[in-house]
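Dear colleague,

I am passing on the structure we spoke about, and my notes follow directly after it. Please read them alongside the model.

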Amino acid sequence: MGSHADAATAWLQDKQRAMEDSIAPLVDQNSYTENPEGGRKVGAMLRSLFAIEGLDVQERTSERYADHLVFRSRAQLPNKGAVALVGHLDTVFPPGSFEGYRREGDLARGPGVLDMKGGLVVVAYALKALAATGGLESVVPVRVVVVSDEEIGSPEGQGVIGAAISGSAAALVFEAGRKADAIITRRKGTGGMTAVAHGKAAHAGNAHKEGANAIWAAARFIDAVQRLTDYDRGVTVNVGRIAGGTSKNTVPDRAETQLDLRFCTRADGEALVKHVHAAADEAAGGVAGTRFEIHGGVARMPLERTDASAALMSEYAACARAHGLGGDEAPLIGGGSDASTSSALGIASIDGLGPRGSGFHTKDELIEVASLVPKAQALARFLALRAFA
């Protein structure tokens, strides 16, 4: 097994230019989540990139987004013991807002170069290296999932991931690589809720007493839910948008409030949703004639650090350090990713394994080109050395 790892990593040694040449067209093609035509073009490129001996492909068609892709080695085997490699092809940039790949010295820039088309290329080249130097049949089975809706929370992708990797032994997610190659073991869970307060309209001068002020009820609700924030527990509620009323001299019959929820554990997420509903009931009870309509809840469970994921991090970190990369643990991350989905399936999961860079979700997005080959080598070594029962 060790010889396969050494041969695969040696094969990758001179592949930086080839990896760059693979990234550039992916970045040049806009694949904003709501641009399925562009996403399908990127999907076609990925099918070509992952046309590797020993790897089969399945498309999961979508009516709203680009099709999702699943690649499998040793497909005849069940997922037990397999390693899942997870990524996404969509970006946050609408057509015309930020376009094109460009190289500047030791950096490469462009939409998705870091988040996370660069990570997909890392995965592809690690598998190419293993296939070329001993074959994918001789290493642990892999299940590669590339979804097309991650940037909006993977509303379809979560199901695609679950169907493709359930029962796997480990999941590695190739989101943006962090400073010093820190490995992500914890991400907050995320949620979104909308609370609509209903009241009764009335003229503020002639019939004020007959009205039921929905904005007043919403104000009570907002105060209550903001107080659910508990920084020590990593729980936050942010009322980010409110709207209501028609004119200053009309008692408002409707007010809408939109909330962002963040939490560190499944239990805290579930409790937070219950507390929001309770706050709505209490607020309505304080303003006669009003009621609340609540929508939404938990969108993504958190990526929680477990003994199994800590062990997985150590196993991967040893491979990363063997190729000159860092291997320390990243601090808690506030935003979610598909690592949360794999973790919620009970699969030990780590994240942030893509090329090192910065500026994701901004027009300053970039990668350090020199990190491409070591990242692919770390993955190839990990897969070649991993025991398969």
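In strand β7, the bridge partner of L85 is L172; helices (H or I, at least four residues) and strands (E, at least two) are DSSP runs, numbered from the N terminus. Before going further, please note that this is a predicted model, in which local features need pLDDT of at least 70 and side-chain atom pairs count only at pLDDT 80 or more, whereas totals for chains, interfaces and linings use all residues. Residues are numbered from 1 along each chain as its sequence is written, and side-chain values use heavy atoms, with hydrogens and water left out.

To stay with β7, which covers residues 170–173, this strand runs parallel to β3 (residues 83–88), and four bridges join the two; strands are taken to pair if DSSP finds at least two bridges between them. β7 also pairs with strand β14 (residues 348–350), again in the parallel sense, over three bridges, and there the bridge partner of L172 is I350. Both faces of β7 are covered, with A170 and L172 buried on one side and A171 and V173 buried on the other, where buried means under 20% relative accessible area, exposed over 50%, and partly exposed in between (1.4 Å probe, protein chains only).

Helix α3 (residues 36–49) has 14 residues, which at 1.5 Å a residue should span 20 Å, and its end C-alpha atoms are 19 Å apart, which agrees; the expected span is 1.5 Å times one less than the number of residues. The buried residues of α3 are G38, G39, V42, G43, L46 and L49. Seen down the axis of α3, these buried residues fall within an arc of 145°, so they line one face of the helix, the arc being that of the directions from the helix axis to the C-beta atoms. The face turned away from that buried side carries the exposed residues E37 and S48. What covers the buried residues of α3 includes α2 (16–28), β2 (68–73), α4 (113–132) and β6 (142–147), with contact meaning heavy atoms within 4.5 Å.

The structure holds 24 salt bridges, each defined as a side-chain nitrogen of Lys or Arg within 4 Å of a carboxyl oxygen of Asp or Glu. One of them joins the side chains of E20 and R17 at 4.0 Å, N to O; both residues lie in helix α2, three residues apart, about one turn of the helix. E20 counts as buried because its relative accessibility is 4%.

Another salt bridge brings together the side chains of E34 and R64 (3.5 Å, N to O), and this pair links distant parts of the chain, since E34 is in the loop between α2 and α3 and R64 is in the loop between β1 (55–60) and β2, 30 residues apart. With a relative accessibility of 38%, E34 counts as partly exposed.

R187 forms a salt bridge with D351, the closest N and O atoms being 2.7 Å apart. This pair, too, links distant parts of the chain, with R187 in the loop between β7 and β8 (189–198) and D351 in the loop between β14 and β15 (357–358), 164 residues apart. Both R187 and D351 are buried.

Finally, K15 is placed in the loop between α1 (2–12) and α2, and at 16% relative accessibility it counts as buried.

Best regards
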